[in-house]
Amino acid sequence: MQKIVKLVLFLALISGLSGMCLSLVNDVTKPIIEEQKLAAVKANLEVLYSGASFEEASGAVADTSIQNIYKVNGGEGYVYKVGVTGYGGEVTYLVAINKDASYQGFIALTYDGETSGIGTKIGEEAFASQFDGTSIDDGVDTISGATITSSAVVKGVNQVVDHFNANYK
């Protein structure tokens, strides 16, 4: 009986130390991971508006898929970071809108869980090209065969357009 108590206490001690080490590693790496995610977003912002600087316009918008809004300094436009649920998980992307209510561009950031060759088409030029200089009033087409993913993306884009029209137009 005494041997069992010693083993239980030993396992509890090892488990507690392991948990403490994992917590410490998480505390050390979390800011680094967040900084790298922000750097990736900033690099993509540069792709949409090369040479521009950005400031965060506001945080997430309640009851929408909008996670962040970045104002292009100089008043050229706004870049929205959007997160929607696709077929295989969360899909995040950037949509840029110029001050004249035309699209500047679209960049899919994460769509790893989507079906290869179907849902992943949102990351291809054919889908993104419909955001190159067209009016936000023209609408966005879904991808045939990738209805769940592309419909979710279009729903998020529509929320962006509604927010832009209500706040910046």
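Why does S53 count as partly exposed? I looked up its accessibility first. S53 has 39% relative accessibility, so it falls in the partly exposed class (buried is under 20% relative accessible area, exposed over 50%, partly exposed in between, with a 1.4 Å probe and protein chains only).

Notes on the source. This is a predicted model, where local features need pLDDT of at least 70, side-chain atom pairs count only at pLDDT 80 or more, and totals for chains, interfaces and linings use all residues. Residues are numbered from 1 along each chain as its sequence is written, and side-chain values use heavy atoms, with hydrogens and water left out.

Entry on S53. I found S53 in the loop between α1 and β1 (54–58) (helices are DSSP runs of H or I with at least four residues, strands runs of E with at least two, numbered from the N terminus). S53 is in contact with K71, V72 and N73, leaving aside neighbours within four places in sequence (contact means heavy atoms within 4.5 Å). The C-alpha atoms of S53 and V72 are 6.1 Å apart, though 19 residues separate the two along the chain.

Entry on α1. Helix α1 runs over residues 2–48. I looked for its buried residues and noted V41, N44, L45 and L48.

Entry on N98. I located N98 in strand β4 (residues 90–98). N98 is buried, because its relative accessible area is 12%.

Terms used. Expected span 1.5 Å × (residues − 1).
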